[in-house]
Amino acid sequence: MKYLPLIWANLMRRKARTLFTVLSVFIAFMLYAVLGAVNQAFTGGVQLAGADRLVVMNRIGLINSMPINYADRIAKVPGVADVTWQEWVGAYFQDPRQPITGFGVDASSFLEVHQDMHLPPEQSQAWLVDKAGVIIGPVLAKRYGWKVGDHIPLRSNIWRDKQGNSTWDVNIDGIYGGGQEDLLLMHYKYLDDTRAFRNNQVGMFLLKIADPEHAGTIAEQVDGMFANSDAETKTSTEKAFLQSFAAMLGNIGKIVVGIVSAVLFSMLLVTGNTMAQSIRERVSEMAVLKALGFSRRGVALMVLAESLLVTVIGGVLGFAFGAMFAGAIGSKLPFLQGFHTPASSAALAVLLMASLGLLAGLLPATQAMRLQVAAALRRA
Amino acid sequence: MRWLYQLYTVCALNLRNLKGRLDSSVVAVIGFTGVVMVFVAVFAIREGFDDTMRETGSPDVAIVMRGGAGAEVNSVLSVNDAKQVAGAPGITATAGGPLVSDELLVQLSMPKADTGLDANVPFRGVDANAFLVHGKVHIVAGRNFQPGLNEVIVGLRASHEYRGFSLGSTLHSGPYQWAIVGIFDDGGVYSSEVWGDLTIMQAAYRRGSSLESVYAKLTSPDAFQAFKDYLTTNPQLTVSVERETDFYAEQSKNMSSFITGAGTFIAFLMGIGAIFGAINTMYNSVSSRAAEIATLRALGFGRSPVLLSVLVEGMLLGLVGGVIGGALAYVLFNGIETSTLGTNFAQVAFSFRVTPELLTRGTVYALLMGLVGGLLPALRAVRMPIASSLRQL
């Protein structure tokens, strides 16, 4: 610690050079933080998956339906604690190009299965008794400025009511917290009673199971029960289901990792190059330090510390700025929910900063360590 | 003239000495290379996706769906609707009646070849008219399916994207088996689909006689407006009518603007990072040339040739980085097949497309970065006091 002023003085002897090196590291980690948010937005749903939840869909594909009476038969499978179901609404508000993730659900069993979502008790009670009631996530409340008590003409791009209209007037009874934050949940019964077709059919069942260990056997039993029927099922864990969903968007993760690697590799060279230049200019000073009795290791460590200081200052500031930036624009992106830099990115960032600093300083530090005092002093 | 001569001399001298500063120059070049490579690669995704959408369909084909559906998967049309559509003016007439294609769209959940995770494949039920309406669709291997049989043809891109989508194998979907008897291609979106017989599929998926969409081949692209007006003003119908090419162009807009936004942001930030790296390199270059510059100035060379020589060096580094970056992007990414979520909640496959225009833009960007990176060091070069620099000799 007591060498910190010396290290600092070394950095400050060429202010412009240090500044530009710190800035390139800053940019690299800012980009890293923002790309972390992009990745999070595309795959974040997977992290919300409950290990004790299974998804049952029609084996043919997601848009094919299953009869709602499957629910009773599924509930009898040993190990199944709760069953709920949902039907895609194809909802939008005014602008059909801005879809809302809306489902028709069975309210009480839905809340039972989704313990990770919290709804104030009075709102929950209001919703349960309001036929045309919906609850929404905070993201929707923010995007459309909706409040509890608002009446909304919700439109569907799939369903028609028996008069041929596609508008459902709904009341906002509650705003939940936790879980997936951009959902609109209406009563399945309200949707099904009023819609003109596909009645008594649902798109998906969600099961809560007592013991995640038994997920495999329960899935087999459910699928076995409906084998060779008109609507065969495919049961998977919620995680596997969401993973395949995220993968359909494309391999964003791979692209992000590719870009970040390219950026960090460039930064490694820039920082390494700067460190090497800086050491080359200070050969005689190093020799003096060694002559004064600094150990070989001491000199090397000082070089490493200098390089680390550059990457940590630039990295921490850059990451913090990037995360703030992602948070600020996140709420303005309608089709990318959960656009924020995840905490796991921060941990990896610290690791990356440290490795970047150490790698960049490695060669110059070795040079400093191997320096022949007499020869270096003679040159000076 | 004299000025040009000076400029030439200073630049030539500078470049001849570049060898001595090779290591730090290489660092700047690698910085530019990285930026241009990422820039070209990201925009190659957009080019590829847009290209696939542009290649889809033709301007003289109209899609009719239920009003407000937005995508075929949300649409339902009855046989009666389809009859009304067939009666509209402007449709190409054939011996078998007006040239319309009634289509059904089902989604199949199938494992992808690369990840093994399930993804949605559009499975389109068509009759013989479809191949006349969708003129670009042609069989590239095997044969067409036979009406009345559980046979399908798969798109060329779909055949690369999914497990077991090869000629001669069988698709298992719920209780049904579909034999793959042919591979087709259209260079566009349909290449990501599976096509089978409409009547068989309506029975298998219990759709009765309902349809998702009707495609009509018009007598000419100009016949569209009259066709559309006729259907949208018909009180018995609530349908939306769109030109096939416009429909798919519209689909690519969201994706395009997302990639453009994200790509510009990434390229801009990386560019700034690379410029900072280049500034260090160029400062280093200027200070190592201090004596040389001072000598030239003492000999009577002006400030501007010296200034320009530094900028030329920066741009040269940019040019080298830009060319290498573009070449790497071309070799590594051009033609790579990938897919994303497209219309109908299903997968659209496309290839990265590194176009000459992209390569040019990448190189120009690199030149610009080199120029900006050389600016501050160039100013320092002309401001260096001649006397003290000479004393260091």
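A:Arg198 sits in the loop between α7 (188-194) and β10 (201-202) of chain A. Helices (H or I, at least four residues) and strands (E, at least two) are DSSP runs, numbered from the N terminus. This is a predicted model: local features need pLDDT of at least 70, side-chain atom pairs count only at pLDDT 80 or more, and totals for chains, interfaces and linings use all residues. Residues are numbered from 1 along each chain as its sequence is written, and chains are lettered from A and ligands numbered from 1 in the order in which they are written.

A:Arg198 has a positive phi near 55°, and it is not a glycine. A:Arg198 counts as partly exposed because it has 14 C-beta neighbours inside 10 Å. The cut-offs are these: a residue is buried if 20 or more other C-beta atoms lie within 10 Å of its own, exposed if 12 or fewer, and partly exposed in between, with C-beta atoms placed from the backbone.

A:Gln94 also has a positive phi, about 65°, without being a glycine. The loop between β4 (91-92) and β5 (99-105) of chain A holds A:Gln94. A:Asn228 lies in the loop between α8 (215-225) and β12 (233-237) of chain A. A distance of 54 Å separates the C-alpha atoms of A:Asn228 and A:Val350, which are 122 residues apart along the chain.

| Residue | C-beta atoms within 10 Å | Class |
|---|---|---|
| A:Gln94 | 10 other C-beta atoms | exposed |
| A:Asn228 | 8 other C-beta atoms | exposed |

**Domains**

Domain bounds come from an automatic or database domain assignment. In chain A, this gives domain 1 (4-45 + 251-379) and domain 2 (60-231). Their C-alpha centres lie 48 Å apart.

In chain B, the assignment gives domain 1 (2-54 + 251-391) and domain 2 (68-237). The C-alpha centres of these two domains of chain B are separated by 48 Å. Their contact takes 12 residues from domain 1 of chain B and 16 residues from domain 2 of chain B. Two residues are in contact if their C-beta atoms, placed from the backbone, lie within 7 Å. On the domain 1 side, α2 (22-55), β13 (337-341) and β14 (347-351) of chain B give two or more residues each. β14(B) gives the most, with 3 residues. By class, this side has 5 nonpolar, 6 polar and 1 charged residues. Here Ala, Val, Leu, Ile, Met, Phe, Trp, Tyr, Cys and Pro count as nonpolar, Asp, Glu, Lys and Arg as charged, and the others, Gly among them, as polar.

**Chain B as a whole**

Chain B has 12 helices and 14 strands. Its radius of gyration, taken over C-alpha atoms, is 30 Å, well over the 21 Å that the globule rule gives for 393 residues, so chain B is more spread out than a compact globule. That rule is 2.2 Å times the number of residues to the power 0.38. Along the principal axes, the C-alpha atoms of chain B fill a box of roughly 95 × 45 × 30 Å. Of its 393 residues, 51% count as buried.

**Where the chains meet**

The contact takes 41 residues from chain A and 44 residues from chain B. On the chain A side, α2 (15-47), α9 (238-248) and α10 (252-281) each supply at least two residues. α10(A) gives the most, with 11 residues. The chain A side divides into 22 nonpolar, 15 polar and 4 charged residues.
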